[in-house]
Amino acid sequence: MSQARLIEVETAILSKNDALAASNRRVLNALGCLALNLVSSPGSGKTTLLCRTIEALGEAPLAVIEGDQQTSTDAERIRATGARAIQINTGKGCHLDAQMVGQAIDDLRPRPNSFLFIENVGNLVCPAAFDLGEDAKVAVLSVTEGEDKPLKYPDMFTAARLAILNKTDLAPHCDVDLDLCEANLRRVNPRIEVIRLSARTGEGMAAWTGWLRTRLAEKAQ
Ligand code: MG
Ligand code: ZN
């Protein structure tokens, strides 16, 4: 395939995706449902963060869409908390798209004024390009990945409204400079918000759940 033809095909795929994402957004906005697209590399701790978040949010109505190439392990972990979850397996695919998420929204029927967490396939590249109809992308970056990742994968951190610097309990063991990591995040996205968090110790959880409740309240207005 020629380069020009490849670009044509990619543009067509993305514009079809954008139309479906706009339709998802209309459905979610009508419900006052706050949808967050959690993006990261594999192993950053998204599912553990979600399990802790569900516990911390208590009675708040919420649902979860889990994306992975294979297995329903993560949806099972979410359901074990009592929350509703749907697993999407992308097979050879390396990201969720708006059509998959639209189908999952139809099946889940999110409640009015609820949270919808979408855990994307672990991949710092193309999930940045696929709008799912979410209110915001939340990038989860664990301290073990190194301070340079925002500079190496700028599209993802530019697309994110919030970055969670996760696993801060491990920082003393991996010679990571958290201030440099934050500075690199702001270099690629001056407006990005950053929360340092450890799902394991609970550090930062109050800031994160406070952020979530504020965004939901804004949406309900
Ligand atoms: Mg996961
Ligand atoms: Zn992909």
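Predicted model: local features only at pLDDT ≥ 70, side-chain atom pairs only at ≥ 80, totals over all residues.
**Metal sites, strands and salt bridges**

Colleague: How do you know which residues coordinate the zinc ion (ligand 2)?

Modeller: The cut-off is again 2.8 Å. C94 (SG), H95 (ND1) and C126 (SG) coordinate the zinc ion (ligand 2) at 2.0 to 2.2 Å, and the donor residues are spaced C-H-x30-C in sequence. Distant parts of the chain are linked here, since H95 is in the loop between β3 (84-89) and α4 (98-108) while C126 is in the loop between β4 (115-119) and β5 (136-142), 31 residues apart. H95 has 15% relative accessibility, which means that H95 counts as buried.

Colleague: What makes you describe strand β4 as mostly covered?

Modeller: Five of the five residues of β4 are buried. In a regular strand, side chains alternate between the two faces of the sheet. In β4, F115, F117 and E119 are on one side and L116 and I118 on the other, and with all of them buried, both faces of the strand are covered.

Colleague: How do you know that β1 and β2 pair with β4?

Modeller: Two strands pair if at least two bridges are found between them. Strand β1 (residues 34-39) is joined to β4 by five bridges, and these strands run parallel; in β4, F115 is the bridge partner of L34. Strand β2 (residues 62-68) also pairs with β4 in the parallel sense over five bridges, with F117 in β4 as the bridge partner of V64.

Colleague: Which residues have the most contacts inside the largest nonpolar core?

Modeller: That core has 30 residues, and L36, F115, F117 and W208 have the most contacts inside it. At least two of its residues come from each of β1, α2 (46-57), β2, α3, β4, β5, β6 (160-166) and α8 (205-220). Another core, of 19 residues, lies apart from it and has L124, F157, C181 and V188 among its members. As for F115, leaving aside residues up to four places away in sequence, F115 touches several others, including L34, L57, L62, L212 and L216.

Colleague: Why is the contact of R25 and D131 called a salt bridge?

Modeller: Side chains of opposite charge can pair when their charged atoms come close. The rule asks for a side-chain nitrogen of Lys or Arg within 4 Å of a carboxyl oxygen of Asp or Glu. The side chains of R25 and D131 meet at 2.8 Å, N to O, so the pair is a salt bridge. The pair links distant parts of the chain, with R25 in helix α1 (residues 3-31) and D131 in the loop between β4 and β5, 106 residues apart. R25, at 28% relative accessibility, counts as partly exposed, whereas D131 is buried, with a relative accessible area of 18%.

Colleague: What makes D74 and R77 a salt bridge?

Modeller: The N to O distance between their side chains is 3.8 Å, and the cut-off is 4 Å, so the pair counts as a salt bridge. D74 and R77 both lie in helix α3, three residues apart, about one turn of the helix.

Colleague: How do you know that R161 and E193 form a salt bridge?

Modeller: The closest N and O atoms of R161 and E193 are 3.0 Å apart, so the pair is within the 4 Å cut-off. R161 lies in strand β6 and E193 in strand β7 (residues 193-196), so the pair ties together parts that are 32 residues apart in sequence.

Note on methods: Residues numbered from 1 in each chain as written. Chains lettered and ligands numbered in written order. Heavy atoms only, no water. Donors = N, O, S within 2.8 Å, 3.2 Å for Na, K, Ca; no water. Helix = DSSP H or I, 4+ residues; strand = E, 2+ residues; numbered from the N terminus. Buried < 20%, exposed > 50% of the residue type's maximum accessible area, 1.4 Å probe, protein only. Core = buried A, V, L, I, M, F, W, Y, C linked by side-chain atoms within 4.5 Å. Contact = heavy atoms within 4.5 Å.
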